[in-house]
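Good morning, everyone, and thank you for making the time.

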Amino acid sequence: MKVVLQNLTKIFPPRNKKSGGGVVAVNNFNFEFPDGKLIGLLGPSGCGKSTALNLISGLLKPTEGNIFFGEKDVTNLPAENRGVGLVFQNYALYPHLTVKQNITFPLENFKGKDRLTREQMDKKAYEAAKLVQIENLMDRKPHELSGGQQQRVAIARALVKMPCVLLLDEPLSNLDARLRLQTREELKRIQQETGITTVFVTHDQEEAMSISDMIVVMKDGVINQTGKPQEVYDNPKNLFVAKFLGTPPISVFDGQVTGGKLIVNGDEILDVPGTEDRQVKVGIRPEGFVPCVTGKMKCTLSGIEVMGRDMSVISRNPACENPVIRAIVPADTRIDTSSAEIKFDIKPGKIFLFDHETGERIY
Amino acid sequence: MQNNTDYKKVQKISAQNNRIITGVTYFFLTLWGIVVLFPFYWMVLTSVKEYATYNSEYIPKFFTLTPTFANYTEAFSAVPLGRYFLNTLIFTVVTTALMLIVVIPAAFAFARLEFKGKNFVFILFLSMMMIPNELVVITNFTTITNLGLRNTFSGLIFPSIMSVFYIYLLKENFEQIPDELYYAAKVDGTKDFKYLMKVMLPISKPTVVTITILKVIECWNSYVWPRLITDNPMYFLVSNGIQEIRENGFGRENIPAMMAAVVVISVPLVVLFLMFRKKIMAGVARGGTKG
Amino acid sequence: MEKNKLTPWLYLLPAIVFLGAFMVYPLIDVFIYSFEEGYNSASQTYFGVGGYNYSYVLHDPYFLQALKNTFILVIITVPVSTALALVISAGLASVKPLRDLYQTVYFLPYVTNTLAVGLVFMILFKKTPYSDGLINLLINMFGGQSVDFIDGPYWAKMFVLCFYTVWVVMPFKILILTSALASVDRNYYNAAKVDGTSKMRIFTKITLPMISPMIFYLVITGFIGAFKAYSDAVALFGTDLNAAQMNTIVGYIYDMLYGDSGGYPSYASAAAIILFAVVLTITCINLIISKNKVHH
């Protein structure tokens, strides 16, 4: 089922009434979550992404705007009646119930014609457990499980009632690094097997990029950009999005456009025809640097790190905002390490120009 | 799963249910509030009714338009209420002060000092918490009687001082003060006692205040021990005084004067409570029990 | 160096002196008393050693009356006050405006003098030649007959005693349960809500198991406290509780020690040890039950 958010705004009342104002956690949010897709809601902490999730679940009421599930307006429908599945960051498994009792808990709430027999419940719980591969842990208590297993139980509990939308709040943040990689693939598989529209919140761009069908990048309660992960990466709308996506991060320089040429630290590094003369911020992706003896951009070489098939060239430039510039090149690239200077050519598709003040993309 | 339900209707019903539940909740909360407050209201009301008026009301009135303070004068003149009050004040202040003098060094020793047999002695102390007062009160009564301390403040105060629980509470609090502070003070040549007074006590002030208040409440309301140990009204505390007033005081039927006395002895603690509401409630939640 | 070894004991000395004199020694002594037959506190003499004191106490109609009263009191007030406190705390947790005010009001009885407020209850319930008392007028309003709750039939007196006891113990229970409820992670409620759980089911299936340790703590302390009931009864019925048929075990102990029938510390000791044994047994039973039932 698709989920549509229309002009959605959430303002939290101020702590004490005298100070006035209040915090705008979500500001005029407009987006359509397409049916049957995995969507990543991405942004730094405090950007309002969890609030957005809680608005969809119904745990919070919006200050303004509407929420539609399919064609139905559910804005004022309480959480109990929305039929969404929600996985909490700390899982919120009931500690006094076994895994099986946790999973059947939502099913026992069905009333009237939806009411299930014990056998039906057990069958559904088993299916859900099987989907997340915990069917052999059914009689354990949550505290007897590892973090990864608890998380699977939480997902099974959210899925067992076949929710119209599955919401996950920072699903991987409580897992260790190795388990995180494994679980995110798992998440993708589960979503594809069930075909349930799934929204997950994360502050980890790599996580969102790797498994989402679509990402929504938020900052300060406002959507900055939406789209397929690769599209957003290749075409960031502003400096924030460009900086937020990608590891290693994009390198940002202060630059100047003069007569259709982009000048960084005195070097003419690129032709930018049709751009008026102005101060700009220049963002270059790590893979946009091509070491080349005839290269136009001169930097001070400070080191090289080889990581399997790739190599990371570390250098410095006075105009660069980042402490160091990291360029990712194939491991077999020849670099003269005896020289203190390194020259780069810049790949045209990997360089973006932003307004010096607003950070809006201009090239 | 809910595709076919009428969302508008569900919304309306749930909003309505919520309003009803909230209303019913407030109704019952208020009802219990009345049950709690009514005796207080009644006692104040009765205390300002005239004796004659009170006795002529077959159906008691819920308010009075001619409040009188005569009962209060009566309460202080016809029975030695002022004396009871003063006794209780002395008893409470001295007992609480002595309790602090006994409890603080003991908590400090358990929390900070190293000595042989510390754990054993501490466990022995803790096990004292299980001993009900009723078991020891009998011998204490005989001891105090044999010492000829009946109808004296010493007899009232000494057996009431110890509170193992407060040693425990304070010790836990002292232990949360980082060791570094102690070592820093030692390096500077600070004596243990000075460290206790100048560093530990100021840091643990909230807990000290809490146990002080709890002890004050306990003392102000104590009844059983004072009743056993005093039969001379000159040494009665308020609880015994009120019982005495009830049985022999103004003549059994002067209820307004009796209520005036009840108001007078209830006011100090109610004022104390309203002043330190948060502290008292937090302190009691941490392990106070009544009685 | 010698001085340093002694210092800790110096800090402990006052505590040890008071504990020894007023707790350890009396504790040992009370057992001795309870087996010394015919002890006379004035002359400090006794006839012999044995179980006669226990046998006397257990055959004393006043003690049996006190035992019966105490058990009725315990069996009624502990469940009633705990359940009522639970309902009130749950209600309190579900509302926001005025919560602080309600909490403050509910706590008031804790800081009041049991004896003093007991007098107010007495005049509310008492039937006098001048007036039937407010409670009786209320009963009359609903078509009932006036009853003298203070000097009247046994069940009426027991009712007032239970009522007043509940009133007195409620503040502590409400306070403990309110803080227990506040410590339950809100996410559990949110999780249950999203799954469409009704309020009633959330309460019975999630809230109750989560706060069950605190409920059992209250039940245990409630039992202990109710077994020691005394001042509430004195407040309502006066010091001559035997005459009012309203004595409690603790009241019996004090009366034996010093009162109208007083001067028999041996009987008092035997009664105190019987009480201690009863409380200990009940507490152990409670602990065993709670081990099987409570989620920790």
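Let me begin with chain B, where seven residues of domain 1 are in contact with seven residues of domain 2. On the domain 1 side of chain B, the elements that give two or more residues to this meeting place are α1, residues 7-47, and α2, residues 51-56. It is α1(B) that provides the largest share of that side, with four residues. Sorted by class, that side of domain 1 of chain B has four nonpolar residues, two polar residues and one charged residue. Before I go further, please keep in mind that this is a predicted model. As for the bounds, the domain assignment of chain B gives residues 7-70 to domain 1 and residues 81-285 to domain 2, and the C-alpha centres of these two domains of chain B lie 35 Å apart.

Now I would like to turn to chain A, and to one helix in particular. Helix α3 of chain A runs over residues 118-131, which makes 14 residues, and from its first C-alpha to its last it reaches 20 Å, close to the 20 Å expected at 1.5 Å a residue. Which residues of α3(A) are buried? They are M121(A), A125(A), A128(A) and A129(A), and because they cover an arc of only 100 degrees around the axis, they are placed on the same side of α3(A). If you turn to the other side of α3(A), you will find E119(A), Q120(A), K123(A) and K130(A), which are exposed. What do the buried residues of α3(A) pack against? Their partners are α2, residues 99-104, and α4, residues 147-159, both of chain A. Just after α3(A) comes Q133(A), which takes a positive phi of about 60 degrees.

Most residues other than glycine have a negative phi, and most peptide bonds are trans. Against that background, M162(A), which is not a glycine, has a positive phi of about 50 degrees, and its place is in the loop between α4 and β7 of chain A, the latter being residues 165-169. Is M162(A) buried, exposed or partly exposed? It counts as partly exposed, because it has 14 C-beta neighbours inside 10 Å. E170(A), also a residue other than glycine, has a positive phi near 40 degrees, and you will find E170(A) in the loop between β7 and α5 of chain A, where α5 covers residues 177-194. With 20 other C-beta atoms within 10 Å, E170(A) is buried, since 20 or more is what that class requires. Then there is the peptide bond from T247(A) to P248(A), which is cis, with omega near -15 degrees; P248(A) is found in the loop between α8, residues 239-244, and β11, residues 251-258, of chain A.

Let me finish with a view of chain C as a whole. Its secondary structure comes to 13 helices and two strands, and, taken along the principal axes, the C-alpha atoms of chain C fill a box of roughly 75 × 75 × 35 Å. Chain C has 296 residues, of which 46% count as buried. If we take the contacts in chain C with a separation of 6 or more, 67% of them are accounted for by residues 24 or more positions apart.

Definitions and conventions: Residues numbered from 1 in each chain as written. Chains lettered and ligands numbered in written order. Predicted model: local features only at pLDDT ≥ 70, side-chain atom pairs only at ≥ 80, totals over all residues. Domains from an automatic or database assignment. Contact = placed C-beta atoms within 7 Å. Nonpolar A, V, L, I, M, F, W, Y, C, P; charged D, E, K, R; others polar. Expected span 1.5 Å × (residues − 1). Buried ≥ 20, exposed ≤ 12 C-beta atoms within 10 Å, placed from the backbone. Arc of directions from axis to C-beta.
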